[in-house]
Amino acid sequence: MNTQFTGSGYTAISPTLQYSYDVNLPWRCQLSTAFVFKKKAIFGLDYEQVNYSGIFFAPALDFTQENAFVDSAFGLCHIAKLGFEYRFEGLYARLGYQFQSSPFFSLQQPSFYNHIFSGGVGWQLRKWITVDGSFALHHREGRQAIFEGYGDLAPAPVLQQNLLFQVSATLFF
């Protein structure tokens, strides 16, 4: 197997027709808790931390440049989730919120924050029939430099905001 990357002068030749490497994925740490109130309501809280700078390529090839880029461009990402559900007779109502920070900390990479608001209502008609409706509003806000600076001049990052609204209905039987 021959591999060549145009413009960089990189060539790899494998007499066994294999081209393998290992990828070490980022570590994650998650904490969760939930509280139940009188068998009518539940409140949940989750926190997760992901270290994307821990991505590492090894060992068969020299991935020094790739690993240096990952270390310089990526960092910690924080994810927090809150959820609440209340049960009436056959009716379930729920609300939720999620926050996710950006794993990027390089100016040339997009830096963003995700906020997700959700809610829903479920109705159990019989033991074996349930109707459910839900919504989610995704709000993504971030800043990104759209070109590189010249010398000591750094470009002002552009503010981007995206909204996505989702609605779903489900019938269980």
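Colleague: Which strand gives the most residues to the nonpolar patch?

Modeller: This is a predicted model. Strand 9 (residues 111–126) gives the most to the nonpolar patch, with 3 residues. The patch lies on the surface and is formed by Phe-88, Leu-91, Val-121, Trp-123, Leu-125, Trp-128, Val-131, Leu-171 and Phe-173, with about 970 Å² of accessible area together. One of these residues, Leu-171, is found in strand 11 (residues 158–172). Leu-171 counts as exposed because its relative accessibility is 51% and the term applies over 50%.

Colleague: How many salt bridges does the structure hold?

Modeller: A salt bridge is read from a side-chain nitrogen of Lys or Arg within 4 Å of a carboxyl oxygen of Asp or Glu. The structure holds 2 salt bridges. In one, the side chains of Glu-48 and Arg-28 meet at 2.3 Å, N to O. Glu-48 belongs to strand 5 (residues 41–51) and Arg-28 to strand 4 (residues 27–37), so the pair ties together parts 20 residues apart in sequence. Glu-48 is buried at 11% relative accessibility, whereas Arg-28 is exposed at 51%.

Colleague: Which side chain meets that of Arg-94 in a salt bridge?

Modeller: That of Asp-132, at 2.8 Å, N to O. Asp-132 lies in strand 10 (residues 129–144) and Arg-94 in strand 8 (residues 91–101), so this pair ties together parts 38 residues apart in sequence. Asp-132 is buried, at 15%, and Arg-94 is partly exposed, at 26%.

Colleague: What is the count of disulfides?

Modeller: A disulfide is a covalent bond between the sulfur atoms of two cysteines. The count here is 0 disulfides. Cys-29 is partly exposed, with a relative accessible area of 37%, while Cys-77 is buried, at 0%.

Conventions:
Residues are numbered from 1 along each chain as its sequence is written. This is a predicted model: local features need pLDDT of at least 70, side-chain atom pairs count only at pLDDT 80 or more; totals for chains, interfaces and linings use all residues. Side-chain values use heavy atoms; hydrogens and water are left out. A disulfide is a pair of cysteine sulfur atoms within 2.5 Å. Buried means under 20% relative accessible area, exposed over 50%, partly exposed in between (1.4 Å probe, protein chains only). Patches are made of residues with over 30% relative accessible area and no salt bridge: like charges are joined within 9 Å, nonpolar side chains (Val, Leu, Ile, Met, Phe, Trp, Tyr) within 5 Å. Accessible areas come from the Shrake-Rupley method with a 1.4 Å probe; for residues, only the protein chains shown count as cover. Helices (H or I, at least four residues) and strands (E, at least two) are DSSP runs, numbered from the N terminus.
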